[in-house]
Amino acid sequence: MEKTKLKKNSEYEVIIESLGMNGEGVAHVDGAVIFVPFALPGERVKIRIINVKSKIAIGKVIEIIESSTDRVSAPCPYFGKCGGCDLQHLNYEKSLEFKRIEVEKNLRQIGKVDVCVSECEPSKNYYYRNKLALPVCEINGETKIGMFRENSHALVEIDSCIVTQEFSAKLIEICKKYIKIFKICGYNEENNSGLLRHIVARNVCGFIVVTLVVTSSDVPGLGWLYDELSKEFECSLWLNINKKPTNVIFGEEFKLISGREEHFADILGLKVSVSPASFMQVNDEIRDKIYARVQEAVEGAEIVIDAFSGAGVMSGICSKNSKIVYGLEIVEEAVNDADKLAKNNNIDNLINICGDCAISLPKLARKFEGKKFTVILDPPRKGCDSKVIEALATASPDKIVYISCNSATLARDVRLLLDINKNYKIKNVTPFDMFPQTRHIETLLILEKLS
């Protein structure tokens, strides 16, 4: 492949032609593709090349010469610096259409299927996230709270987060005061030093679960911090000990400092226990919409297999209108939580199995081969192991309900399934805006066996 002649720091005036998969503007110069973050289709912009790779380059907007009518003023003062949001500059209706098109394009180009993708289900635009994870860093001898820049660990100090529910500003204010009074040293990842690494908080039906991720259990001022938080929120305060030089936020040890140890969320009538380590979707509104749609899709099923079932929330919801549900999950602690959820909700038709889906699902699918059953797939971003898809294609369930946070791997898995077993049709595909103001999409795809 011939390398581009573009040079770093060179400047060009370009027309933005489209949006790329990450929501960045796309332009061409001398046969090279240039990705320009925060630029919109139809805009004429002056850019500076900041990175060059073969026939691809990254450009930075230094002047908008002609602005798109779809451009809006981003309300967040940290937009373009903090790595949390990509699309605050784009009209919300247009961002929904961008996401719908992205799902449709991936299904067509990767999945080799032409299908009409429904409009993206909208969400509350701002203040939708129930969870906030704030890195705390030592910078030039000072402790700072903020967010990392895109693709880096360079901290952008913030006072609030406009996509997180309204508790964020007061929480950050109290934590900054705590750090100053008790001289708390932030984490320095270069030498694995410092005390406070992260502040993680989640709003569970008005109850704020706050966790300090620290390198030692010897933390001063925790009583003061809890008292200050309690003046503003009904809350609990936890420590999580993480001494390892790792990018993973939580370590294995949690310790309750003050407040209730257990708090329950109500999700579509299901009583769900939430702890600091619990996984929950960050957008309550869209989470409930997806769960309700899945529950509707499996209604009346004799047998439901919920693969990648986590703590059993979706399994529990589906158990209400299915004869029997099997939850498959590889993390033992999550399976224990799923068993506890079943007990707390008096569910007696849910069987949770601890194991790798690539092994457990084929075994279970073979057991029900020839019987009518439905499979729910909710894998991580990397999608399903090919063994899982091959087992499904062989067992031939009546319906497959696939929830994906990555439409590219979704399309890949659908293509493999249809290559092996052509006796399926895609009933519908619906994107959900789980993460407004970002490029990320949650997609629900339903396959049904042809009669």
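Student: Do β10 and β11 pair in the parallel or the antiparallel sense?

Tutor: Strand β10 (residues 196-204) pairs with strand β11 (residues 207-214) in the antiparallel sense, over eight bridges. Two strands pair if DSSP finds at least two bridges between them. Strands (E, at least two residues) and helices (H or I, at least four) are DSSP runs, numbered from the N terminus. This is a predicted model, in which local features need pLDDT of at least 70 and side-chain atom pairs count only at pLDDT 80 or more, while totals for chains, interfaces and linings use all residues. Residues are numbered from 1 along each chain as its sequence is written, and side-chain values use heavy atoms, with hydrogens and water left out.

Student: Which residue is the bridge partner of A201?

Tutor: V210, in β11.

Student: OK, what order do the strands have in the open sheet of seven?

Tutor: β9-β8-β7-β10-β11-β12-β13, with mixed pairing. β9 (155-157) and β13 (253-258) are at the edges with a single partner strand each, so one side of each has no neighbour in the sheet. Neighbouring strands are turned by 35° against each other on average, direction ignored.

Student: Which strands does α2 touch?

Tutor: Helix α2 (residues 167-181) packs on the sheet and touches β7 (131-139), β8 (142-148), β9, β10 and β11. Contact means heavy atoms within 4.5 Å. The direction of α2 makes about 30° with that of β7. Angles run from 0 to 180 degrees between N-to-C directions, and axes are lines fitted to C-alpha atoms, for helices over the stretch in contact.

Student: And where do the axes of α2 and α3 stand, at what angle?

Tutor: They come within 10 Å and cross at roughly 155°. That makes α2 roughly antiparallel to α3; angles over 145 degrees count as such, under 35 as roughly parallel, 65 to 115 as roughly perpendicular and the rest as oblique.

Student: Which residues in α2 meet α3?

Tutor: K170, L171, I174, K177, Y178 and I181. In α3 they meet L222, W224, L225, E228, L229 and E232. By class, the contact has eight nonpolar, no polar and four charged residues. Ala, Val, Leu, Ile, Met, Phe, Trp, Tyr, Cys and Pro count as nonpolar, Asp, Glu, Lys and Arg as charged, and the others, Gly among them, as polar.

Student: New topic. What is the order in the open sheet of six strands?

Tutor: β1-β5-β6-β4-β3-β2, with mixed pairing. β1 (11-15) and β2 (18-19) stand at the edges, each with a single partner strand, so one side of each lacks a neighbour in the sheet.

Student: How many bridges join β1 to β5?

Tutor: Five, and β1 runs antiparallel to β5 (residues 44-53). The bridge partner of E13 in β5 is K46.
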